[in-house]
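Let's take a walk through a protein model together. Have a look at the sequence and the 3D view, then read on with both open beside you.

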Amino acid sequence: MNEDLHLSISNLDMRDYRQIESLMELVYADLGGAWPEQTIAQLVRDFPDGQIGIKDEDRLVGVALSLRVDYLKFSNPHTYDDLIVQGNTVRVQPDGDALYGLDVFIHPDYRGYRLGRRLYDARKELCRSLNLKAVLAGGRIPNYFKYQDELTPEAYIQKVDRKEIYDPILTFQLANDFQVKRLLRRYLPEDEKSAGFATLLEWSNILYEPPASILASPKTRIRVGAVQWLLREVTSPDEILSQVEYFVDAISYYEADFALFPEFFHAALMRLSQFDQDNDAIRFLAGYTDRFVSSMSTLAVSYNINIISGSMPLLEDGQIYNVSHLCRRDGTVEMQKKIHITPHEKREWVMEGGDHLQVFDTDAGRIGILICYDVEFPELGRLLAEQSMDVLFVPFWTDTKNGYLRVRHCAQARAIENECYVVIAGCVGNLPSVDNLDIQYAQSAVFTPSDLFFPHDAMLAETTPNTEMLLFSDLDLDQLKLLRNEGAVTNGKDRRRDLYQIQWLGTGPEGEQVDRGGSSGKRPGRVAASKP
């Protein structure tokens with residue numbers, strides 16, 4: 001038979017339907033057979049380049065059916081019904097940025113000639129020629145039924161990957177440079193051999209070039225870095241600023257968009273104070289705030305990174321406030337005062353709470369800042385969420401694990417209920433020679449909403465407890481859009497605004513009165529680094 005082969009590869013048209021139908025009936029006899037003619041007609045009409053066939057003379061012996069999809073949506077959990085809905089209508093996205101492989105099937109008489117590889121290679125070339133991000137596919141695991149009594153699907157996939165088990169589909173896909181991204185559950189429920197499971201596979205187009213207008217487009221994927229800072233004895237502010245630059249340099253090296261420092265990370269400078277009273281020592285520390293903010297603003301520009309400066313005491317009109325500064329990489333600086341002051345801060349430092357709250361626009365999303373105790377008040381997170389916040393940064397400072405867990409659990413709750421990312425960073429170490437710094441406890445982390453678009457434990461990363469280190473995590477802002485519109489639950493959309501509301505009674509960033517939702521309809525004001 002080998003000598004008689006005359007193979008050719010080309011795009012399919014509707015003249016080929018009867019052969020497509022016969023071949024699908026033969027290959028998929030246990031899965032419902034062929035698709036109706038209108039389904040193939042829609043594929044050929046809407047995406048002709050993606051429908052590819054191999055013929056031996058005039059006989060159709062191999063077929064690959066594909067369509068364009070949105071990468072973000074279909075690189076996350078989905079089912080076959082998300083692609084082909086009732087009535088066998090295909091969900092077509094003409095401007096989709098990824099290729100999705102619906103089916104590849106080869107006539108049994110022609111197996112062994114690696115025709116499947118030819119079809120996969122044709123898909124890859126199509127992906128490159130259209131400048132798409134990737135080829136995605138939901139791959140059946142048809143030999144799983146033989147092992148399902150002894151292996152979980154995850155274990156089965158691992159064994160196939162290690163070549164301890166042969167699977168006619170997964171083994172082939174892995175050999176064609178596809179990577180298993182995740183397990184898909186209930187992908188094709190009627191597929192009894194796969195027990196309804198499938199693998200989400202991806203082949204990435206390394207030649208993909210983003211649109212030329214990318215500089216003018218808002219970033220949808222950002223990287224955050226957080227510093228888990230070790231409080232150490234110091235003899236001058238220069239020592240701390242040198243350590244700050246070290247961390248900024250390290251975080252910038254990994255091309256992060258944000259660097260988050262902890263609350264009062266420079267508090268060891270209070271050791272240099274000659275005052276006996278805590279109230280005087282915190283005012284002494286406030287004397288360094290302008291210098292630190294100015295230096296961190298310079299670092300933000302020099303290292304091309306947005307810096308959330310943890311928090312520092314600010315002396316304003318005779319009152320002490322706990323303030324976090326956003327030092328943008330464009331050189332602008334804004335600040336967020338701590339709203340809720342802890343009993344300790346009131347008693348020992350005579351601190352006052354701020355009276356304004358805002359979301360900050362940045363080149364990498366809209367962010368909010370809540371300092372430590374503030375994250376324990378859900379109203380503040382809700383007000384920020386009403387202003388379309390993407391990421392909430394929480395610099396904190398806690399001495400015991402139970403204090404830390406209050407911050408952690410509340411931060412994770414804010415991520416879930418407000419459909420946003422939350423990044424927390426704290427101080428570690430012991431300084432018994434400095435009042436109020438004798439012990440610290442921290443485990444910095446990045447939290448996500450809890451839904452199918454995100455990790456199963458709603459956490460992207462966390463540090464080792466009580467160890468100085470850096471944390472990095474990539475945040476996909478488009479996933480927040482999907483969650484808010486198509487999540488298993490949609491907290492923002494489902495909120496009963498006809499029954500209850502949260503109203504902000506304080507002032508906005510420039511002193512204006514703010515109505516419900518915390519927004520005055522104006523852009524947040526900008527302030528100089530050395531002024532409140």
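In what order do the 7 strands of the open sheet stand? They line up as E1-E2-E3-E6-E7-E9-E8, and the pairing is mixed.

## Before we start

This is a predicted model, in which local features need pLDDT of at least 70 and side-chain atom pairs count only at pLDDT 80 or more, while totals for chains, interfaces and linings use all residues. Residues are numbered from 1 along each chain as its sequence is written, and side-chain values use heavy atoms, with hydrogens and water left out.

A quick word on labels: helices (H or I, at least four residues) and strands (E, at least two) are DSSP runs, numbered from the N terminus.

## The open sheet

Strands of a sheet pair through backbone hydrogen bonds, either parallel or antiparallel. To count as a pair here, two strands need at least two bridges found by DSSP. In our sheet, E1 and strand E8 (179–184) stand at the edges with a single partner strand each, so one side of each has no neighbour in the sheet. From one strand to the next, the twist averages 25° (axes are lines fitted to C-alpha atoms, for helices over the stretch in contact, and angles run from 0 to 180 degrees between N-to-C directions).

## Strand E2 and its partners

Now zoom in on strand E2 (residues 52–56). On one side, strand E1 (residues 7–11) runs antiparallel to E2, with 5 bridges joining the two; here Ser 8 stands opposite Lys 55. E2 also pairs with strand E3 (residues 59–69), again in the antiparallel sense and over 5 bridges, and Gly 53 has Val 63 as its bridge partner in E3. E2 and E3 make a hairpin with 2 residues between them, and Glu 57 in that turn has a positive phi of about 60°.

Is E2 mostly covered or open? It's mostly covered, with 5 of its 5 residues buried (buried means under 20% relative accessible area, exposed over 50%, and partly exposed in between, using a 1.4 Å probe and protein chains only). Both faces are covered: Ile 52, Ile 54 and Asp 56 are buried on one side, and Gly 53 and Lys 55 on the other.

## Salt bridges across the chain

How many salt bridges does the structure hold? There are 35, where a salt bridge is a side-chain nitrogen of Lys or Arg within 4 Å of a carboxyl oxygen of Asp or Glu.

One of them joins the side chains of Arg 232 and Glu 468 (2.8 Å, N to O). Arg 232 sits in the loop between strand E10 (221–230) and helix H7 (237–253), and Glu 468 in the loop between strand E23 (459–462) and strand E24 (469–476), so this pair ties together parts that are 236 residues apart in sequence. Arg 232 is partly exposed at 28% relative accessibility, and Glu 468 is partly exposed at 26%.

Another salt bridge runs between Arg 329 and Asp 363, with the closest N and O atoms 2.7 Å apart. Arg 329 is buried at 14% relative accessible area, whereas Asp 363 is partly exposed at 39%. Both belong to a network of salt bridges that links Lys 219, Asp 257, Arg 329 and Asp 363.

## Helix H13

Asp 476 caps the N-terminal end of H13, with a side-chain oxygen 3.0 Å from the backbone nitrogen of Asp 478. Which residues of H13 are buried? They are Leu 477, Gln 479, Leu 480, Leu 482 and Leu 483. These buried residues pack against helix H3 (71–74), E10, E18, E19, strand E20 (421–425) and E24.

The side chains of Asp 390 and Arg 484 also meet in a salt bridge (3.8 Å, N to O). Asp 390 is in the loop between helix H11 (378–385) and strand E19 (391–395), while Arg 484 is in helix H13 (residues 477–486), so the two tie together parts 94 residues apart in sequence.

## A buried serine

Last stop: Ser 444, in the loop between strand E21 (427–428) and strand E22 (445–447). Ser 444 is buried, with a relative accessible area of 0%. Its contacts (heavy atoms within 4.5 Å), leaving aside neighbours within four places in sequence, include Gln 228, Ala 461 and Leu 471.

Terms used: A polar contact is a pair of N or O atoms within 3.5 Å; within protein, one must be able to donate a hydrogen and the other to accept it, and residues adjacent in sequence count only if both atoms are side-chain atoms.
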